[in-house]
Amino acid sequence: MKRAAAAVATAAVKKSKMSAYARERAVAVEAVLRASALCQRVFKHVVAGQTALTKEDKSPVTIADFGAQALVNSLLHRHFPDDPIVGEEDSADLQKDPRLRDKVLDLVNGVLADENVLVVSDAAAAATEGEAEGEGVGEVKKKEKDEEKEEKMSAEEMLRCIDLGNYAGGPKGRFWTLDPIDGTKGFLRGEQFAVCLALVEDGKVNFGVLGCPNLPLDLAKPDGERGSLFIAARGEGAYQRPFSTSTETRIHASAVTDPSQTFFCESVEAGHSSQSDAARIGALLGLSRDSVRMDSQCKYGVVARGEAGIYLRLPVSEAYQEKIWDHAAGSLLIEESGGVVTDVHGRPLDFSRGRTLAGNKGVVAAAPGVAAAVMAAVSKVLEENKEKKKEKEEKEKEGEKKKEGEKGAKGGAASL
């Protein structure tokens, strides 16, 4: 396992030899691949109704969330011990339920021991033997090699790793943000979900990885190979590779300039984004193709590689604040592929406000040639909503006044 892990790390470093984020890339790719493998095992053995666990043991999403966060956090902490982590989960439930804790631990250690989780090229394997050069390679190799000693996590270490994700975020310094399973309902359906990891420095997302185990490499070939890994570093472009090989391909947002010639990518769940508003926006843009609905940050990947031209996440609640782990990696992927991403008011997404995007509402991501038209349509629909809400409130006030007047008239008549 150690040797395979080092080969993946070396392959990533070699691929981005001149990258300012070579070490981060190496470690993050391994972490996301391992977490994705754990999630797939949970689906196979829990959701698909096979042996290992049963629904009485707790939600399979809970099991996968805990396990994936433990794996990712342990790798990040090993290689970047001074970097705090903003994660979605904490270990409180596991500490109260030893049976659940042990099942998660078995999954974590099973993935750590499996060399087949990490697919590397022959060149990467050769590089592991000392042929590679480049900043960060030696350190990664040294930490991954442990005199053939198998790595096994204890229950206490696993709980500690999960709780490394309790950082509050903020405008200064560097930290990682993780969503161990983005798209929980998609995960349960056997459809789209993602393991999402990003590095934030002084409030700006500078590096990100999305692991999308069920996403076809090409939407036009839904029965083709599945498993898309997306990687982006600020100023260095966006890339996609399959889970099955280490070969990366640079990706670009669509070159479309006529909104009517592209289509939306939006959430499956109406509770996550206003689908009625999206339909009105689509009508304004003249869209004729049906939207593609999928869960998770996979939508960012589909826009970044030029298949969909638009992704909308339209507010369904004035009070709701988006979580930073739901958008950090995906938003950078859009930027580095040449696309445009803002909130519904055209403001850049602000990752400096803590664990949420407190300064933003919703998300709009689009290919550069249609971004202005999309934003104009979004603004028009939101303004219409605002006017309708105002009219409704005024009618309600008039109704209340009328009721009060009638009540007063009845009271006066009764006193005569």
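Me: Two strands count as paired if DSSP finds at least two bridges between them. How many bridges join strand S6 to S7?

Reply: This is a predicted model, where local features need pLDDT of at least 70, side-chain atom pairs count only at pLDDT 80 or more, and totals for chains, interfaces and linings use all residues. Residues are numbered from 1 along each chain as its sequence is written, and side-chain values use heavy atoms, leaving out hydrogens and water. Strands are DSSP runs of E with at least two residues, helices are runs of H or I with at least four, and both are numbered from the N terminus. S6 covers residues 237-242 and runs antiparallel to S7, and the number of bridges joining them is three.

Me: Which strands stand at the edges of the sheet?

Reply: Seven strands make an open sheet with mixed pairing, in the order S1-S2-S3-S4-S5-S6-S7. An edge strand here has a single partner strand, so one side of it is left without a neighbour in the sheet. That describes S1 and S7.

Me: By how many degrees are neighbouring strands of this sheet turned against each other on average?

Reply: The axes are lines fitted to C-alpha atoms (for helices, over the stretch in contact), and angles between N-to-C directions run from 0 to 180 degrees. For neighbouring strands in this sheet the direction is ignored, and the average turn is 20°.

Me: What angle does the direction of helix H12 make with that of S4?

Reply: Let's compare two helices that pack on the sheet. H2 touches S2, S3, S4, S5 and S6 (contact means heavy atoms within 4.5 Å), with its direction at about 35° to that of S4. H12, residues 328-336, touches S2, S3, S4, S5, S6 and S7, and its angle to S4 is about 100°.

Me: Is Asp 83 buried or exposed?

Reply: Asp 83 forms a salt bridge with Arg 174, with 2.8 Å between the closest N and O atoms. This pair links a loop between H3 and S1 to strand S2, 91 residues apart. Buried means under 20% relative accessible area, exposed over 50%, and partly exposed in between (1.4 Å probe, protein chains only). Arg 174, at 24%, is partly exposed, while Asp 83, at 13%, is buried.

Me: What is the relative accessibility of Glu 322?

Reply: Glu 322 meets Arg 313 in a salt bridge, at 2.9 Å from N to O. Arg 313 is buried at 11%. Glu 322 counts as buried too, with a value of 6%.

Me: How many disulfides does the rule count?

Reply: A disulfide is a pair of cysteine sulfur atoms within 2.5 Å. The sulfur of Cys 196 has its closest cysteine sulfur, in Cys 212, at 6.9 Å, which is too far for a bond. Cys 212 is in no disulfide either, with the nearest cysteine sulfur, that of Cys 298, 3.4 Å away. The count is zero.

Key
A salt bridge is a side-chain nitrogen of Lys or Arg within 4 Å of a carboxyl oxygen of Asp or Glu.
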